Amino acid sequence: MPLPYEKPLDRDDQALLELGGGLKGRMSSAFCVLQSAVDAIELSLQNEAPAALRRQLAPVLTDMAKNIAYLSRLSANAADMALARTGAPLTELSPLDLNDCLRTLARCAQEEFAARKIPATLAWAENAGDSVWVMGDVGLIDGLFANLISNAVRAGTAGRALHLACGPGREAHFWDDGPGMDAKTLRVCLLEGQPTPESLRSGSLGLLLVHEYAAKLGWQLDAATSAQGTRIDFRLPPFEIPADLSPYLHASGRHTRQDLQRSHLRRELDGTLGTAR
């Protein structure tokens with residue numbers, strides 16, 4: 001049975017869909033095999049190799065693991081970008097409490113920062129405990145904010161403060177305390193959804209993905225940057241509350257979502273930092 005695409009797929013869209021599927025499938029499996037091989041070699045060295053050989057090869061294995069993590073993240077982001085640029089829906093949206101989702105993401109980020117000894121903080125501005133319901137998907141929302149968090153961590157200085165807020169009203173916000181970023185890159189990549197020569201050379205897809213994720217969610221974007229920091233604002237579309245929200249409030253479902261959020265954020269930080277926690 002054909003998928004309910006938003007529009008018929010032309011030849012270019014079909015090629016992008018196949019590229020995205022290949023990157024998510026075969027490339028993802030290949031990176032898992034490579035990392036498993038590195039882990040097996042490392043275990044063998046620890047158990048069987050002389051100390052001198054372990055010291056000699058340890059930096060090589062660490063460098064291999066870093067590059068595998070980086071390339072795996074780049075491949076996953078490229079797959080998401082290819083799929084997002086087609087008319088095919090990335091996922092089916094369902095009712096989701098954004099306030100609860102972002103609160104959990106902020107807690108996961110703080111835990112990851114502490115475990116990885118990242119000199120940064122993520123402050124969560126509570127929306128007075130009120131629910132902010134949207135038609136959303138945890139994967140899209142996590143991908144959006146995990147990219148913003150990892151970009152800020154990569155570009156930041158020691159002690160950098162990040163901030164995440166939901167509200168007032170139907171809004172969400174992400175900002176940091178500096179040193180700011182290139183205004184043209186912010187405008188072209190984030191607001192217009194187009195690559196710059198610099199982003200193409202560096203393979204940096206973070207802001208482009210944020211643009212595409214926001215578009216799929218129906219969120220409107222605004223952003224500004226200065227020496228005092230960068231601020232990104234999201235205006236959320238109206239939401240008609242269904243008659244029965246109970247399927248979306250179940251505790252076991254919330255725990256599963258929290259596990260997914262931790263997994264998404266860890267993958268993004270693994271690739272950004274080139275190492276697992």
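Contact here means heavy atoms within 4.5 Å. With that in hand, residues 24 or more positions apart make up 75% of the contacts in the protein chain that have a separation of 6 or more.

Some ground rules. This is a predicted model, where local features need pLDDT of at least 70 and side-chain atom pairs count only at pLDDT 80 or more, while totals for chains, interfaces and linings use all residues. Residues are numbered from 1 along each chain as its sequence is written, and side-chain values use heavy atoms, with hydrogens and water left out.

The overall picture, then. The protein chain has 8 helices and 7 strands; these are DSSP runs numbered from the N terminus, with helices being H or I of at least four residues and strands E of at least two. Of its 277 residues, 43% are buried. Buried means under 20% relative accessible area, exposed means over 50%, and partly exposed is in between, with a 1.4 Å probe and protein chains only.

Now the inside. A nonpolar core is a set of buried Ala, Val, Leu, Ile, Met, Phe, Trp, Tyr and Cys residues joined through side-chain atoms within 4.5 Å. The largest one holds 48 residues, and Leu-144, Phe-145, Trp-219 and Phe-234 touch the most other members. Helix H4, residues 138-155, gives the most to this core, with 10 residues. Beyond its neighbours within four places in sequence, Trp-219 has contacts that include Leu-98, Ile-141, Ala-214 and Pro-237. Another core, of 5 residues, lies apart, and Val-38, Leu-45, Ala-49 and Ile-68 are among them.

Next, helix H7, residues 206-217. How many of its 12 residues are buried? The count is 11, so H7 is largely enclosed by the rest of the structure. Among them are His-211, Glu-212 and Lys-216, along with Leu-207, Leu-208 and Leu-209. Gly-218 follows H7 and has a positive phi, near 80°.

Last, two backbone details. Most residues other than glycine have a negative phi, and most peptide bonds are trans. Lys-117 is not a glycine, yet its phi is positive, about 55°. Lys-117 sits in the loop between helix H3 (98-116) and strand S2 (120-125), and is exposed, at 73% relative accessible area. The other detail is a cis peptide bond between Gly-167 and Pro-168, with omega about 0°. Pro-168 is in the loop between strand S4 (160-166) and strand S5 (171-176).
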